[in-house]
Amino acid sequence: MSNVLNEETKQQILGLGRLGWSLRRIEKETGVRRETAGAYLRAAGVLVRGRGRIPAVPAKGSEAGGGPNEPGGAKPAIKTEVSTDCAPQQWPPKPDRSPRASACEPHRDLIAEAMGRGRNAMAIWQDLVDGQGFDAGYASVRRFLIRLRGNETPEARVVIETAPGEEGQVDWGEGPMVRNPETGKYRRTRLFVLTLGYSRKSVRLIVWKSSSQIWAELHEKAFRRLGGAPRVMVLDNLREGVITPDVYDPTLNPLYRDVLKHYDVVALPCRVRDPDRKGKVESGVGHAQRTPLQGMRFESIELAQTYLDRWESNWADTRIHGTTKRQVLVMFAEEKPHLLPLPIEPFRYYQYGERTVHLDGCVEVAAAYYGAPPGWIGRLVQVQWDALRVRLVDPKTGQLLREHLRQERGRFRILDADRPSRTPASTEVLLRRARAAGKHIGAICEQIHHHDGELGVRRILGVINLIKKHGAPTVEIGAQAALDLGAPNYRFLRRWLERRIPAPLALRQVDPLIRQLTLYRDLIQRKTGDPT
């Protein structure tokens, strides 16, 4: 018979039928026609599930409608009777046993308290194992936390509404993959996003990397694209904008602070771990990452920016915003007249750093020296410099101490009011050290101080350093030569020592340090025991 099933297939069909599978599903999984499978199930007393309903349970001992001997019933592969060994199953099947209570239930209060403090499942599980002798696994704690959180009411979020032109929010995000022209490989870029709080108008710019100056320059580009600047700029506590995060008095990056001051914008850093304060720009970052840039690669950063700008004008600006229910471009037209006007000249960028005021009252910037006010020797000052000027700033108050024009390498720039009226005690110590090293060395150092004043302190230090390098007798000879030739300065002395020809070594036959050869002969005989 062609429809005879082997014992393994028969048991498989009976097992699936007892699990409550439909005939169509059994046919799909086993390949046995549902008419044949249904006949086997009815013959075994297993309820047959059909078309989404539960059939009535037939009376015990009666044939399930359309049995194998009925004319209209399906003919099974073998002739059999209805089995009474297996009781009819109900649908859906009941579980064999009730689910076991969670092992975390005795520690519910501890887990709820830790969850309220923001502890995650891993940390709570580790605390239970260490402190409570908890022997269940991490998955048990994680499932228990999911159940606890399901009963909690979500915390309401504050809706921040701003007036037109009042606020802008700025943040970084990951940009698209762009081919690096230097390596020829694709590299991840950075996405700068500035979003206005009222209209949700955004400016998105793609760059290779981030720095303090790039961060500030991107703000300027965004302001000029918008045609104005908002009065307040909300930002995260990233290093390019905030040096020291603080809720009440954050320390801003000096370059970023001065750029915003140039445009009359006030920076407002967020609280630490408070991302909801700048949710508008974070939504703008995610919108660009999910929609135009998802899965995109570009051959150059210019092509990537052009593509993003086209999407910005064609789609982002013309969309109906989900919160305001208005078109972004229309709301930006209302907000633009309220933005702050831009200054005529762009900001002049500078470099900055910290310097220690030297003994001569100067700080060094790019191998040139600039005078600080009296009383700042040995103290740190903030220095800002560009191609034209050098500014010394009080690091605590931000007050401008001195402003100088840029000098060439090795040159000094000191105001007359900052020159000392008498020789400082530290300079006198250096002169005494020079006189102790040699008469001519002391004389040349005194002439350097007499001629250059406090500017000569570095040159006197250079002479003392030559003593350490070449020795006092050699430098004394060079200092005498410098005085005789009328060139009592550090540069001549250093060159003379570098170019001098060292005296040849002469071998001496007779010297008090050289012993007689007979002494060495007698010593060898005593050691070897040779009487000859």
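Which residues of H8 are buried? In helix H8 (254-262), the buried residues are Pro254, Leu255, Tyr256, Asp258, Val259 and Leu260. Buried here means under 20% relative accessible area, with a 1.4 Å probe and protein chains only. Helices are DSSP runs of H or I with at least four residues, strands are E runs of at least two, and both are numbered from the N terminus.

Before I continue, a word on the source. This is a predicted model, in which local features need pLDDT of at least 70 and side-chain atom pairs count only at pLDDT 80 or more, while totals for chains, interfaces and linings use all residues. Residues are numbered from 1 along each chain as its sequence is written, and side-chain values use heavy atoms, with hydrogens and water left out.

I return to H8 and its two ends. At its start, a side-chain oxygen of Asn253 comes to within 3.1 Å of the backbone nitrogen of Leu255. After the helix comes Asp264, with a positive phi near 60°.

A pocket is an open set of points on a 1 Å grid over the protein atoms alone, with protein on both sides within 12 Å along at least five of seven lines; a lining residue has an atom within 4 Å of a point. Of its 21 lining residues, Arg257, Asp258, Tyr350, Gln384 and Arg391 lie nearest the centre. H8 gives the largest share of the lining, five residues, and strands S12 (380-385) and S13 (389-393) each supply at least two. By class, the lining has six nonpolar, six polar and nine charged residues; Asp, Glu, Lys and Arg count as charged, Ala, Val, Leu, Ile, Met, Phe, Trp, Tyr, Cys and Pro as nonpolar, and the others, Gly among them, as polar.

How are S12 and S13 arranged? They run antiparallel and are joined by four bridges; strands pair if DSSP finds at least two bridges between them. Val383 stands opposite Leu392 in S13. Both strands belong to an open, antiparallel sheet of four, ordered S9-S12-S13-S14. Its edge strands, S9 (351-356) and S14 (400-405), each pair on one side only.

Finally, the cavities, where a 1.4 Å probe fits but cannot get out. The whole structure holds two of 30 Å³ or more.

Methods. Buried < 20%, exposed > 50% of the residue type's maximum accessible area, 1.4 Å probe, protein only. Polar contact = N/O pair within 3.5 Å; in protein donor to acceptor, adjacent residues only side chain to side chain. Points joined across faces, edges and corners; volume = space filled by probe spheres on them.
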